[in-house]
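Subject: The structure you asked about, with notes

Hello,

Here is the structure I promised to pass on to you. Please open it first, and then read my notes with it on the screen.

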Number of protein chains: 6
Amino acid sequence: MQIRVINPNTTLAMTTKIGAAAQRIAAPGTDVVATQPASGPVSIESHFDEAISAVGVLEEVLAGERDGVDAYVIACFGDPGLLAARELTRAPVIGIAEAAFHMAALISTRFSIVTTLGRTGIIAEHLLEQYGFRHHCRRVRAAEIPVLDLEENGEMALNRIIDECRRARDEDNIGAIVLGCGGMADLTGEISRAVGLPVIEGVTAAVKLAEAVVGLGLGTSKQGDLAFPRPKAFTGQFEHFSGLTPTGRELPKQK
Amino acid sequence: MQIRVINPNTTLAMTTKIGAAAQRIAAPGTDVVATQPASGPVSIESHFDEAISAVGVLEEVLAGERDGVDAYVIACFGDPGLLAARELTRAPVIGIAEAAFHMAALISTRFSIVTTLGRTGIIAEHLLEQYGFRHHCRRVRAAEIPVLDLEENGEMALNRIIDECRRARDEDNIGAIVLGCGGMADLTGEISRAVGLPVIEGVTAAVKLAEAVVGLGLGTSKQGDLAFPRPKAFTGQFEHFSGLTPTGRELPKQK
Amino acid sequence: MQIRVINPNTTLAMTTKIGAAAQRIAAPGTDVVATQPASGPVSIESHFDEAISAVGVLEEVLAGERDGVDAYVIACFGDPGLLAARELTRAPVIGIAEAAFHMAALISTRFSIVTTLGRTGIIAEHLLEQYGFRHHCRRVRAAEIPVLDLEENGEMALNRIIDECRRARDEDNIGAIVLGCGGMADLTGEISRAVGLPVIEGVTAAVKLAEAVVGLGLGTSKQGDLAFPRPKAFTGQFEHFSGLTPTGRELPKQK
Amino acid sequence: MQIRVINPNTTLAMTTKIGAAAQRIAAPGTDVVATQPASGPVSIESHFDEAISAVGVLEEVLAGERDGVDAYVIACFGDPGLLAARELTRAPVIGIAEAAFHMAALISTRFSIVTTLGRTGIIAEHLLEQYGFRHHCRRVRAAEIPVLDLEENGEMALNRIIDECRRARDEDNIGAIVLGCGGMADLTGEISRAVGLPVIEGVTAAVKLAEAVVGLGLGTSKQGDLAFPRPKAFTGQFEHFSGLTPTGRELPKQK
Amino acid sequence: MQIRVINPNTTLAMTTKIGAAAQRIAAPGTDVVATQPASGPVSIESHFDEAISAVGVLEEVLAGERDGVDAYVIACFGDPGLLAARELTRAPVIGIAEAAFHMAALISTRFSIVTTLGRTGIIAEHLLEQYGFRHHCRRVRAAEIPVLDLEENGEMALNRIIDECRRARDEDNIGAIVLGCGGMADLTGEISRAVGLPVIEGVTAAVKLAEAVVGLGLGTSKQGDLAFPRPKAFTGQFEHFSGLTPTGRELPKQK
Amino acid sequence: MQIRVINPNTTLAMTTKIGAAAQRIAAPGTDVVATQPASGPVSIESHFDEAISAVGVLEEVLAGERDGVDAYVIACFGDPGLLAARELTRAPVIGIAEAAFHMAALISTRFSIVTTLGRTGIIAEHLLEQYGFRHHCRRVRAAEIPVLDLEENGEMALNRIIDECRRARDEDNIGAIVLGCGGMADLTGEISRAVGLPVIEGVTAAVKLAEAVVGLGLGTSKQGDLAFPRPKAFTGQFEHFSGLTPTGRELPKQK
């Protein structure tokens, strides 16, 4: 099966890193293709960045549909464009925030999130509410590092994340930590060893959930509110979406 | 004061209608400018439409900032791009869904929503949850009319909406009805007379809330998670956002 | 239009101050009449004070109905008698706590409340729950000053409020502060300048919301649970309520 | 021990009936004194009635304090004045709505409420939310009978209540029914036999809970937000509350 | 009436202590029989201990049914086997955690819990959620003492509990404290005097609630989801449950 | 890797069926061992059955630990003994109810549950609340078939389930259906084809989630409230648990 891991920002180094982490965790027979939009922000640190990045995510899903992709991962912790992406395909689409929350809930009763900048904490809070994990998460913490510091000041960034994870461990009465940025996909092992708690990272979690859904013969429901969008006219730079009629590939039958 | 009422879709007739309804309700001294994005879907009936339309909404807010706009209204019931738009300005930005919910909560204890297509009900449900009105809303109903039928089959559409509103009145134990589409902005009076319940429509509600916020000398908080986005590089069709450093106009001091 | 701003306590200095703040914020054409009950506590700092004050609030609404008032504001942060008052009139009735919460939710994602005495915090908590803003409010704080200190020890009171607001700003991860007492209606500007965060005060917020509701041609729903009370006998000091059959003035039609 | 059962309305027949039901259920050694305010509505069917009745409830508690009462029951299903009453005494004060909810939760997982008029349903909904029983209650139903019909058209009223209880039993997937009016205190047995489900009535439930709290050596907490109100001036018809400094009797020590 | 107070663990000293506390608080005419399972853990400090102890609880209820018991108390703060026990009898079954929560809610608006080991806090959290008291409880605290220290190192244990209760009083903005372990049943008086706040202990609370339910002529609902279990085959060490057809004694009629 | 799929009841035909469904869905390299307790009920249809079955589940986990099992599935829709089982091992333990809920939330926004007997609906409701999926589930429905009818009256049972699933599809505004019994593990394909909606079955979902957790190098957190139970004495038929000191195998390091 092929999983398209979409890095919603346009920083190639991050896409490469995310793709490597995804492939490393993938099952034999799972082919990870990591992509990034042709257009968009180099990092996602605000609602604005996230809204713009959603367009690129959707373009990547449409491209994936043409390529016969079996599952998608949206590799930014805000899950930008998640429900819209689901409308475009019969394949499963997994956001890394939701993936991490689901996994954390399976191995612990309460967890904390350690993200990059404090200003993005509200995005995580809103997702926790929408997904149902508000009470599973004790606290949303930030290491206060810009996303691209994960690329450019890796050691400093790692140290600050570890420090914040240790505070979470010592103060929050939790069983696990969720890392709140796709750019941390390669740090899980090092952080978990430094902190001594299970550390859940969303990219890898999402890959395994995508494999799980596909393995069940399931895909995004096309009944009701995630059905393919009604075809219609678009104007201007989005004119190419006019008359869009995705139909998706038939899924294998549910056993 | 100038309010920019942004119709997130690109159907001029709807923009015109919304603008007229907004101006009609505006206070003396409020100048309504109704705009629509240069690019985007002709109607918004899915998460996909909504995600794409958010870009145009944000472009319109940035244009408004150059024009010295005092307040913004996002005139689609999904409030597309609301939090992102707020990051771009010191002015208030009001979504029509939130506006309608706030107003309905001030004049009744429980309300129902009557929207266009059933598939968009989930968007309203998620907003109710995020905004805190889950328990104020008894039921999300749909008249099952495509948005553009409001333009093209107006009488049929109106009749179906009235029918659904009457069912809400008779079955839902409510004190008010919220209309769930910006394209219904001119129908409030007729529906309220036909149904005999207060009917809240978001475009007009948002205009009055925008005037209220401005009148208080308040605007979008620039502290914390709605601060201006950090400037950064964007690529491709979004390159013009690179280095974006909105600063907003100074608000009049709070009295 | 005429707004009757009801100070539920019987301290004339506070009524005057509240009235002035309300008139200052009101739109041209809005006539504010500030009143206080003939009977009741000189300040409201407990459930007991609040329950007693509700009677006076209701008397004032009934008096307002005779005077053809267009909207009412209940200027105590516990919103005493709010739903009962709504039953008595077709006009909108706005509590200052709800008004402040609604406004705070429009300009920030999370806020804290700074009130007078800690013992009244539970009143705010219950209102947050009932109105749906529980998750929007990070923390209810108290400056631990009796209400009348706002009149009699103004500078000391202001300093303590500013101190507590600064703690809220520094510790609570918020975008705005809600002032939790009608007696702070004249302090908004000074506090917001001292703290550097938007400060929302309920009396002024309620005036603008009342104007907004009236501007929309809306009023309290008379369908269902806010309909006029059934007329009946009352005994003793409340005998004058016997057979009470308020009918309200016709609202202008919804446009 | 002496329990003062306060009927918040001023209909003597109802006070007598409530008192009889309370005494019948009371433990040996419990002396029930049923009282009603000197002033107030003859029945409580709206927020307005409830707000006015709260004053009488508080007067009755103050009278009870002078008489050395050991516990209070507020015998109207809206629990009018409950938190205010608790501020006035060290003795427990039990509302019949809360009492019925607590008891229903001990013998079933889900219950429905059958009340008098539909318009009072919102009062029950708000109490369920505040007390924490929102999810335990499947549905709030109304027999659509005015409260005084329980006195004046007893058989008709009983039949309508039984009919509505049967619908609750057949449609709501519940284990118990809560009767939503103090005036139904004498109907429990007949209704439970007719419906075949446990029927919880608040007056009797409250008496037993009051006995339970007193039996534990507990009373209303005087720490924090239920402490005695701060003494202050009251004006007009409430002047006699000026300087009120209730101190309560010492409770027996907790064992 | 006879109340069977079931200590779910098998430490006789604790059973004796619990029984004595229960009898001391019981009404004249209430006969407390304290029992413990023939099989099970000597203390309950984990989900595992709790799951095993539930079997013994159920055996004790079945034994009680043969003895004509009128009410049951499950005297461990996790309420192990509570809903299962209710299925086996028409009599009321009261867990000490729920009992303490109900009582605390009647005398205060907010409380904190002080339990033994931190690891059992999650059990209390889950019960608060299920029972509806999540928002009434400010904080779950632990004195970090193993349960049997209450027997073997009584003074040290008491001191640590008092210390933690004082921290709760000083930091949590509460009106009452709930003790989170059946083994503290004899400490209520001493702790409440040391801390100066009402202290609610579950065993005694449950006895009074059991008396209250019985006094109302109520018992566990046999309609719907708490009906007697369907008889069926059991194997192995549980074979004696095969064909189990409890029918319970007839309750006295509801008055 | 080896997954031990524990059928908590003692009906061999069901164990075999569940094991076959689990093995069929398992990845290459996953070895499913389906087991059932030596002691317990032949089916689980009540809280009582569930409480008794938990003991057998825990025995099976302990046996699995001796065998070096990599992951556990608890194959009854009430997830009996789930948190207790997690305490006993470093391996992941997945309940089929939680598994189905997680999967349903990944492919739809709202789902309904179709279970066997109505009386077990409350178990699903409590799990939805505890796990955070209350708002994702529109309705809990029952086909009203005893569990063993799935073995003994297969065709009749299937037809009733399909009928109920169709009602869910037509009335509930959902995107997916969750089957509420482990005994339906072989029916997913047939039901999904008959109903035309994605159908999620917990046994298969749990196997894929178990593989996912193991694939991530994760296991049950041993920090905090899911740590191994403290060793202690047990008496009677549970004496063999005395001094139990599970330590689990080292997990592979997180990558």
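Let me begin with one pair of residues where two chains meet: Phe234(E) has Pro41(F), in β3(F), as its bridge partner. That bridge belongs to a pairing of β10(E) with strand β3 (residues 40–41) of chain F, which run antiparallel and share two bridges. Two strands count as paired if DSSP finds at least two bridges between them. The element names come from DSSP too: helices are runs of H or I with at least four residues, strands are runs of E with at least two, and both are numbered from the N terminus.

Before going on, a word on how to read everything here. This is a predicted model, in which local features need pLDDT of at least 70 and side-chain atom pairs count only at pLDDT 80 or more, while totals for chains, interfaces and linings use all residues. Residues are numbered from 1 along each chain as its sequence is written, chains are lettered from A and ligands numbered from 1 in the order in which they are written, and side-chain values use heavy atoms, with hydrogens and water left out.

**Chains E and F**

How many residues does each chain bring to the contact? Chain E gives 45 residues and chain F gives 45 residues, where contact means heavy atoms within 4.5 Å. The size of an interface is often given as the accessible area lost when the parts come together. Here the buried area (accessible area, with a 1.4 Å probe, that two parts lose on being put together, summed over both) is about 3,900 Å², and carbon and sulfur atoms give 62% of it. On the side of chain E, the residues that lose the most area to chain F are Phe48(E), Arg119(E) and Arg230(E), together 18% of what that side buries.

A salt bridge is a side-chain nitrogen of Lys or Arg within 4 Å of a carboxyl oxygen of Asp or Glu, and the rule finds eight of them between chain E and chain F. There are also 26 residue pairs in polar contact, both residues at pLDDT 80 or more. A polar contact is a pair of N or O atoms within 3.5 Å; within protein, one must be able to donate a hydrogen and the other to accept it, and residues adjacent in sequence count only if both atoms are side-chain atoms.

Which elements of chain E give two or more residues to the side that touches chain F? They are β3 (40–41), α2 (47–67), α3 (82–87), α5 (121–131) and β10 (234–235). The largest share, eight residues, comes from α2(E). By class, that side has 24 nonpolar, 12 polar and nine charged residues; Ala, Val, Leu, Ile, Met, Phe, Trp, Tyr, Cys and Pro count as nonpolar, Asp, Glu, Lys and Arg as charged, and the others, Gly among them, as polar.

How are the two copies related? Chain E superposes on chain F (RMSD 0.0 Å) by a rotation of 180° with 0.0 Å of shift along its axis, so the copies are related as by a two-fold rotation axis. The same surface serves both, as 100% of the contact residues of chain E recur in chain F. The superposition is by least squares on the C-alpha atoms of residues with pLDDT of at least 70 in both copies.

**Chains A and B**

Now look at chain A and chain B, which bring 45 residues each to their contact. The area buried between them is about 4,000 Å², with 61% from carbon and sulfur atoms. Eight salt bridges cross this interface; one of them joins Arg119(B) to Glu87(A), with the closest N and O atoms 3.3 Å apart.

**Elsewhere**

Which chains do not touch? No contact joins chain B and chain E, whose closest C-alpha atoms lie 16 Å apart, and none joins chain C and chain F, with their closest C-alpha atoms 16 Å apart.

Happy exploring!
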